[in-house]
Amino acid sequence: MSGNNEMIRVEKLNKSFGDLHVLKDIDLTVKESDVVVLVGASGSGKSTLLRCLNFLEIKNDGKIIIDGEQIETKTHDLNKIREKVGMVFQHFNLFPHKTVIENVIEAPTQVKGIKKSQAIKEGKELLDKVGLGDKYDVYPSTLSGGQKQRVAIARALAMKPDVMLFDEPTSALDPELVGEVLATMKELADEGMTMVVVTHEMGFAREVGDWVFYMHDGKIVEYGHPNELFDNPKEERTKAFLSSIL
């Protein structure tokens, strides 16, 4: 399924917060239609890596190349880059005072200047896609956590990004609501959306991931196809991590 086009390439990426060296010489390539899953204990740098790919955190050094172009804060409009690289967060960050459809059309109309009627039409199609076609006129406070997260996915898709980043999209949800969000993500993967996912859901990583990267202490320790990594990890650290969670 994977295309050969490189969507994202990261070379020798480093990020520190003060004295804390959070990302250490990270190399990572994401090809078109790949689902890349980042796993590892909390504090291993996974979310920081994702935030660097979306330029919510700015690297200290190294290269971030998106769609063949090396992105630098001095030379690029980061908001334009974020239009291509959508992000779904652990907490949904929906506007409470706007209806579901208003949340979804906000960025396309405000940022991209899409006509409101067109944005509403496309927004309703996206809400249908995530199984919330009947909810577009309600306010977020009436939705379950799983429904809010699916609205957040529709909102990110409304910008028609080339890549979707998911930062632990199910970790704030009650266990019985996790499945509906993962099902939505699986559907996107099946349609060929390029995705980078930080998650603790190992079943999803195994079933949907094309590549799984295990991170520890700011470094990529090991990566491979899911079955290789889960069934036959090579590094002791990977073995220890997997035996603690599986």
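**Exercise 1. Work out how far apart the ends of residues 8-242 lie, and what the span is made of.**

Finally, the label: UniProt, in an unreviewed entry, gives residues 8-242 the feature "domain: ABC transporter".

A quick note on the model: it's predicted, so local features need pLDDT of at least 70, and side-chain atom pairs count only at pLDDT 80 or more. Residues are numbered from 1 along each chain, and side-chain values use heavy atoms, leaving out hydrogens and water.

**Exercise 2. Describe how helix α5 and helix α6 pack.**

Step one: α5 covers residues 145-157 and α6 covers residues 175-190. Step two: the angle is about 20° and the axes are 8 Å apart. Step three: that makes α5 roughly parallel to α6 (angles under 35 degrees). Step four: residues making the contact (heavy atoms within 4.5 Å) include Ile153 and Leu157 of α5 and Val181 and Leu188 of α6.

**Exercise 3. Classify the aromatic pair of Phe213 and Tyr223.**

The structure holds three aromatic pairs (ring centres within 6.5 Å). In this one, the centres are 4.6 Å apart with 10° between the planes, so the pair is stacked (planes under 30 degrees apart). Last, ring pairs link Trp211, Phe213 and Tyr223 into a cluster.

Technical notes: Rings of Phe, Tyr and Trp (its six-membered ring) pair if their centres lie within 6.5 Å; planes under 30 degrees apart count as stacked, over 60 as edge-to-face and the rest as tilted. UniProt positions are given in the numbering used here, feature names are shortened, and annotations may be inferred rather than shown by experiment. Helices (H or I, at least four residues) and strands (E, at least two) are DSSP runs, numbered from the N terminus. Axes are lines fitted to C-alpha atoms, for helices over the stretch in contact, and angles run from 0 to 180 degrees between N-to-C directions. Angles under 35 degrees count as roughly parallel, over 145 as roughly antiparallel, 65 to 115 as roughly perpendicular and the rest as oblique.
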